[in-house]
Amino acid sequence: MSSQQQQRQLHLGLFLFGTGYHPAGWRLPEGRTDGAYDPHFLKEIAQKLEQAKFDFFFLGDRLATSADMQYLFPSQMNRLEPFTLLSYLAAVTEKIGLIGTVNTTYAEPYNIARMTASLDHLSGGRASWNVVTGSDPRAAQNFSREKHWDNAKRYDYAEEFIEVISGLWDTWEDDALPRDKESGVFADGSKVHELNHSGEHFSVAGPLNVARPIQGQLPLITAGTSRRSQLLAAKYSDMVFTGTNDKEVAQAFYKEVKSKLREFGRTDSDLKVLPGLVPIVGRTDEEARAKYNELNSLVVTDYDLKPLSDKLGIDLTGIDLNAPLPDLSSSEAALHWAELARRANGREDITLRDLFYFFTVTVRGHLLVVGSAERIADLIEEWFVDEAADGFNVCPPYMPGGLDLFLELVVPELQRRGIFRTEYEGSTFRDHLGLGRPENRFELQLKG
Ligand SMILES: Cc1cc2nc3c(=O)[nH]c(=O)nc-3n(C[C@H](O)[C@H](O)[C@H](O)COP(=O)(O)O)c2cc1C
């Protein structure tokens, strides 16, 4: 490793799936089924992450649901509202970053500016927002809309939304509230600004009714892979969440999104790229593989091979699940997925059933790795050094055991290798990301 790479440090966060990322995580004898609703459990998780010096605790969100999501997405089917839960976690933690998802397509910027600034004050500067434009089109029917907007309109809206929020956070200068008993000046009106935003989608006067956030501007996260999503990341984000299990794809994304930063006057280190990682950890490779097989045996499924066939471009319907894999050489994708499934199972002679389970578990695209702490640390280090990732959004397969093993075994190994912090650099989330505190735009304007 070069000295520059030695200085670079991983960023690690928890992507919470209350019952685990694996669709059958909740069915393990030791798996929690109702963790996402239990404040004591959630508190314990957040505090453990903080002891391990994790960068953040992240909550995704969806604005629609149905009971049939239980087979693949039990954790996402119903859960607590992210900013309500994060406000509670703010009170029981001290250092860890708290990221909540905001779907801009169905929100008003003034409300979100207020909510996020409030969380930043309550947490002592640890709040952050993950901007999504909505992956579930059914949300439209819950928000009095006829249909979910197309990608272009959603991203146009999101971009203006971000501009408005960022402006509203600055409407109070840092010293706009002298609260001086002697003189009777509570607020200094010369340091309170109207935004007077008037754009295609929003007309917002301001000022915001919350003082400037402790971090000045909250770190902004985006998640997505479309061209518009990448542009949004390059222009505004401090961190981008992705999901791929292919290192070359991850490297290409990493390179492309970082190269776009320059178009916006930014540099490579301004944006961190974090793919999702699903670690199935064991004290040995055998133990981890046994857990992987146990989890798979608990999947509730009708073994519909159609989605897998569509993904691989080979018709697998009607083939005996217990038979060895058929000839897949006509599809590069199939060969790749079969290779990944072999690696997860730790053997060459996998069956169609093994491939089916691998697909079911990784359908959302995150990187699944099964093995000992050394094996998992090797993979993390490889992706980090080879610039496929600046860190990982860790999705434990079941809770809390899947997380505990990662924290007990993998984190110390990463620390031993000198690629993950043993102490927090500061107390705000911006500090963890190595970001300075931005100046207030209105003060800058006044300075000329
Ligand atoms: C790690 C990760 C987390 C995401 N979390 C959410 C989420 O919580 N809510 C949501 O609506 N979309 C979420 N998305 C989806 C994206 O925001 C985006 O809508 C999706 O990737 C497809 O959109 P695109 O057109 O931007 O690629 C997530 C994506 C990734 C990679």
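The axes of helix α5 (residues 109–122) and helix α6 (residues 151–169) come within 9 Å of each other and cross at roughly 50°. Because of that angle, α5 counts as oblique to α6; angles under 35 degrees are called roughly parallel, over 145 roughly antiparallel, 65 to 115 roughly perpendicular, and the rest oblique. The axes are lines fitted to C-alpha atoms, for helices over the stretch in contact, and the angles run from 0 to 180 degrees between N-to-C directions. Helices (H or I, at least four residues) and strands (E, at least two) are DSSP runs, numbered from the N terminus.

The model is predicted: local features need pLDDT of at least 70, side-chain atom pairs count only at pLDDT 80 or more, and totals for chains, interfaces and linings use all residues. Residues are numbered from 1 along each chain as its sequence is written, and side-chain values use heavy atoms, with hydrogens and water left out.

On the α5 side, P109, Y110, I112, A113, T116 and A117 make the contact, and they meet F161, V164, I165, L168 and W169 of α6. Contact here means heavy atoms within 4.5 Å. Of the residues in this contact, ten are nonpolar, one is polar and none is charged. In this scheme Ala, Val, Leu, Ile, Met, Phe, Trp, Tyr, Cys and Pro are nonpolar, Asp, Glu, Lys and Arg are charged, and the others, Gly among them, are polar.

Helix α5 also holds D120. With a relative accessible area of 0%, D120 is buried; buried means under 20%, exposed over 50%, and partly exposed in between (1.4 Å probe, protein chains only). Leaving aside residues up to four places away in sequence, D120 touches G125, R126, A127, P213, I214, Q215 and L218.

R212 sits in the loop between β6 (203–204) and β7 (220–223). R212 counts as buried because its relative accessibility is 5%. Its contacts, not counting residues up to four places away in sequence, include H121, W169, D170, W172 and R437. R212 and W172 are 40 residues apart in sequence, but their C-alpha atoms are 5.4 Å apart in space. The loop between β6 and β7 also contains P207, and a cis peptide bond with omega of about -5° joins G206 and P207.

A cis bond is also found between M399 and P400, with omega about -5°. P400 lies in the loop between β11 (391–394) and α14. Helix α14 (residues 401–416) contains E413, which is buried at 9% relative accessibility. E413 touches A373, E374 and A377, again not counting residues up to four places away in sequence.

Most residues other than glycine have a negative phi, and most peptide bonds are trans. R179, in the loop between α6 and β5 (197–198), has a positive phi near 45° and is exposed at 51% relative accessibility. E387 has a positive phi of about 55°. E387 lies in the loop between α13 (373–385) and β11 and is partly exposed, at 40%.

The unreviewed UniProt entry annotates residues 30–384 as "domain: Luciferase-like"; its positions are given in the numbering used here, feature names are shortened, and annotations may be inferred rather than shown by experiment. The span is 40% helix and 13% strand, and its end C-alpha atoms lie 32 Å apart.
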